[in-house]
Amino acid sequence: MIRFDQVSKRYEGGHEALSQLSFEVATGEMAFVTGHSGAGKSTLLKLLGLIERPSHGIVTLDGQNLAKIGRAGIPKLRRRLGMVFQDHRLLMDRTIFANVELPLMIGGMAPAERSKRVRAALEKVGLLSYERQLPATLSAGEQQRVGIARAIVAKPTLLIADEPTGNLDPTLAVEIMGLFAEFQSVGTTVLIASHDLPLIKRMKKRVIVLDHGRLVADVAAQEVL
Ligand SMILES: Nc1ncnc2c1ncn2[C@@H]1O[C@H](COP(=O)(O)OP(=O)(O)OP(=O)(O)O)[C@@H](O)[C@H]1O
């Protein structure tokens, strides 16, 4: 499903953030990307969401070379993938329902269908009864779960998350990771950037390790101790 082939990324005026990176993630797999601060984890995810473009090499998603997708094709690509961020980026003056509905508004779906999808997504993250509340009335962990509901509401085949547990205490972090594992168990491919090694080890999923933009280890799920 995901294929990086000799991918390098150099930001304007910067050094190389990713260097000749090659790996594949199969459909339905869940994998972590880890490494030191500045190793290139966020950059890797940004290339998948077409937030950034590679300087060299090819990124392929479901057999499609992302370089072939122009500006006009980006919304369509983004509907295939759900993105979760550390700071959840919720609209604080909109209800939980409205926040989760947002990606579907952009997609132009009919209101009745939107409501059905939003409620299904909120139910999956255990927050259906919160739909009329504002984000500020929810705990940090609950807010992150709203961010996850928003990411999965359009039923993406790929879920990417950048430090999704960075702001959470360890118990909530485990809970959120469990939620990602649940999405994998129903067929979604999941790729998570995290520097939380104890948590990653606990999840027993594949771990891709970056060091200064290079892939230095790729540990299969069954080899994670
Ligand atoms: N927009 C940008 N312009 C210039 N350099 C950038 C930009 N974004 C990232 N970089 C640089 O690219 C390198 C990789 O950054 P990236 O954010 O991908 O790393 P990371 O592993 O996600 O780090 P962290 O764990 O701190 O979030 C870093 O040296 C960073 O300073």
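Select Leu159 and you'll find Val190 of β8 opposite it. You're looking at a predicted model, where local features need pLDDT of at least 70, side-chain atom pairs count only at pLDDT 80 or more, and totals for chains, interfaces and linings use all residues. Residues are numbered from 1 along each chain as its sequence is written.

A quick word on labels: helices (H or I, at least four residues) and strands (E, at least two) are DSSP runs, numbered from the N terminus. Two strands pair if DSSP finds at least two bridges between them.

**Stop one: β7 and its partners**

Now select residues 158–162, strand β7. Strand β8 (residues 189–193) runs parallel to β7, joined to it by five bridges.

Is β7 mostly covered or mostly open? It's mostly covered, with five of its five residues buried (20 or more other C-beta atoms within 10 Å of a residue's own, C-beta atoms being placed from the backbone; 12 or fewer is exposed, and in between is partly exposed). In a regular strand, side chains alternate between the two faces of the sheet. Colour Leu158, Ile160 and Asp162 for one side of β7, then Leu159 and Ala161 for the other: all are buried.

**Stop two: the ligand**

Which residues surround the ligand? Show Tyr11, Gly14, Ala17, Gly35, Ser37, Gly38, Ala39, Gly40, Lys41, Ser42, Thr43 and His195; a residue counts as near if its C-beta atom, placed from the backbone, lies within 6 Å. This shell holds three nonpolar, eight polar and one charged residue. Here Ala, Val, Leu, Ile, Met, Phe, Trp, Tyr, Cys and Pro are nonpolar, Asp, Glu, Lys and Arg are charged, and the others, Gly among them, are polar. Helix α1 (residues 41–48) gives the most to the shell, with three residues.

**Stop three: follow α1 to a sheet**

Stay with α1, which lies across β1, β2 and β4 (56–61) and runs at about 120° to β1. Contact here means C-beta atoms, placed from the backbone, within 7 Å; axes are lines fitted to C-alpha atoms, for helices over the stretch in contact, with angles from 0 to 180 degrees between N-to-C directions. Select the open sheet of four strands, ordered β2-β1-β4-β5 with antiparallel pairing. Its edge strands, β2 (16–25) and β5 (64–65), each pair on one side only. Strand β1 (residues 2–10) is tied to β2 by six bridges, and Ile2 has Val25 as its bridge partner in β2.

**Stop four: a hairpin and two positive phi values**

Go to strands β9 (residues 206–211) and β10 (residues 214–219), antiparallel and joined by five bridges. Asp211 stands opposite Arg214 in β10. Two residues lie between the strands of this hairpin, where His212 has a positive phi near 50°. Most residues other than glycine have a negative phi. His212 counts as partly exposed because 15 other C-beta atoms lie within 10 Å.

Next, pick Lys204, in the loop between α7 (197–203) and β9. Its phi is positive too, near 55°.

**Zoom out**

Show the whole chain: seven helices and ten strands. Its C-alpha trace spans about 45 × 40 × 35 Å along the principal axes. Of the 225 residues, 38% are buried.

How values were computed:
Contact = placed C-beta atoms within 7 Å.
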